[in-house]
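Here is a short briefing to read alongside the structure. Take a look at the model, then follow the notes below.

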Amino acid sequence: IMGGLSILFSFRLIQENRWLVRMVDDYHTQNFSNDSDFPFVFASKVIYLPMTFLLVMWVVFLVDSRTMKAVIDLLVTVWNVMFLCKILHPNKIIHTEEDKECMAIMEKENLQCVLQESASLEEMTPIPDESRIGGADNVMQDAFEEEKANLRLQMEQENWESVKKEVLTIVSRRYLEPSLKRVEVIRDVSMMNHTLAGTFITQVGFYKLVNAFRVRHYEKLMESSAGTYGQEAAAELCGFKNRWALTNARKRLGDFDYSLIEDYI
């Protein structure tokens, strides 16, 4: 009975672990430009530990040895102490809190801008004269609401291309920074455009956007240098932390449309 229940719980744990792997990868690609940055590399090491412990416990269950159980418990205790020391490293907490504070400030500024834009939009929309409308009040009101929605849509479409150019210009200026983060790029965008900039970055993928610049820079550098640089040195010159980061980026960018960034290289 215990074996049957354990199989069911193990299957559920595997499902949850696979989902968590996808979520961690998605979070990293939307916020960080390097595979070796702290949150991703730490999570990628830790996330498979439940599966390791699951396998070990199945071995203990099948062997049915008290001695093996005691040895494993001691090893797990030592590992837990080491893991606790690792996650309590002060630099890690300070680093993440700074990012949270920056995002909170940007969200507050963006909310104020949205409110201001809505107020200006209300001022731009003409208010119908009730004395003239008479019985057609509802029809006219719907027309004005539609006009206001169209006006808002037109404003967003006009801003979209300018925001896209602004984001690409900022990334083209900063992609050589190995640890460039999404929050740093959005911080450089003009205040009124934070929301649209975030939408554009999400559509493309922050990791893909930044590393596309780096990969294209690497290719042009290798063409022009004629073998002067080794792969490791060239990768570091183009913003990668090492050649493994370059290799991973190329794998992830297999379906990327480089025409988006060609004018900004």
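Is the crossing of α1 and α3 left-handed or right-handed? The crossing of these two helices is left-handed. Please keep in mind that this is a predicted model.

**α1 against α3**
- Helix α1 (residues 2–31) packs with α3 at an angle of about 165°, and their axes lie 11 Å apart.
- Angles over 145 degrees count as roughly antiparallel, so α1 and α3 are roughly antiparallel to each other.
- From α1, the residues G3, S6, I7, S10, L13, I14 and N17 meet P50, M51, L54, W58 and F61 of α3.
- By type, the residues of this α1–α3 contact are eight nonpolar, four polar and no charged.

**α3 against α4**
- Helix α3 (residues 49–63) and helix α4 (residues 66–87) have axes that come within 10 Å and cross at roughly 165°.
- That crossing angle makes α3 roughly antiparallel to α4.
- The α3–α4 crossing is left-handed.
- On the α3 side the contact is made by L49, F53, V56, M57, V59, V60 and V63, and on the α4 side by M68, K69, I72, V76 and W79.
- Eleven residues of the α3–α4 contact are nonpolar, none is polar and one is charged.

**The largest nonpolar core**
- This core has 35 residues, and V167, V171, V185, L209 and F240 have the most contacts inside it.
- Two or more residues each come from α7 (137–174), α8 (182–188), α9 (194–204), α10 (206–225), α11 (231–237) and α12 (243–252).
- Helix α10 gives the largest share, nine residues.
- Leaving out residues up to four places away in sequence, F240 touches N34, N211, R214, V215, A235, A245, L246 and A249.

Note on methods:
Residues numbered from 1 in each chain as written. Predicted model: local features only at pLDDT ≥ 70, side-chain atom pairs only at ≥ 80, totals over all residues. Heavy atoms only, no water. Core = buried A, V, L, I, M, F, W, Y, C linked by side-chain atoms within 4.5 Å. Buried < 20%, exposed > 50% of the residue type's maximum accessible area, 1.4 Å probe, protein only. Helix = DSSP H or I, 4+ residues; strand = E, 2+ residues; numbered from the N terminus. Contact = heavy atoms within 4.5 Å. Axes fitted to C-alpha atoms, helices over the stretch in contact; angles between N-to-C directions. Parallel < 35°, antiparallel > 145°, perpendicular 65-115°, else oblique. Left-handed = near helix turned anticlockwise from the far one by under 90°. Nonpolar A, V, L, I, M, F, W, Y, C, P; charged D, E, K, R; others polar.
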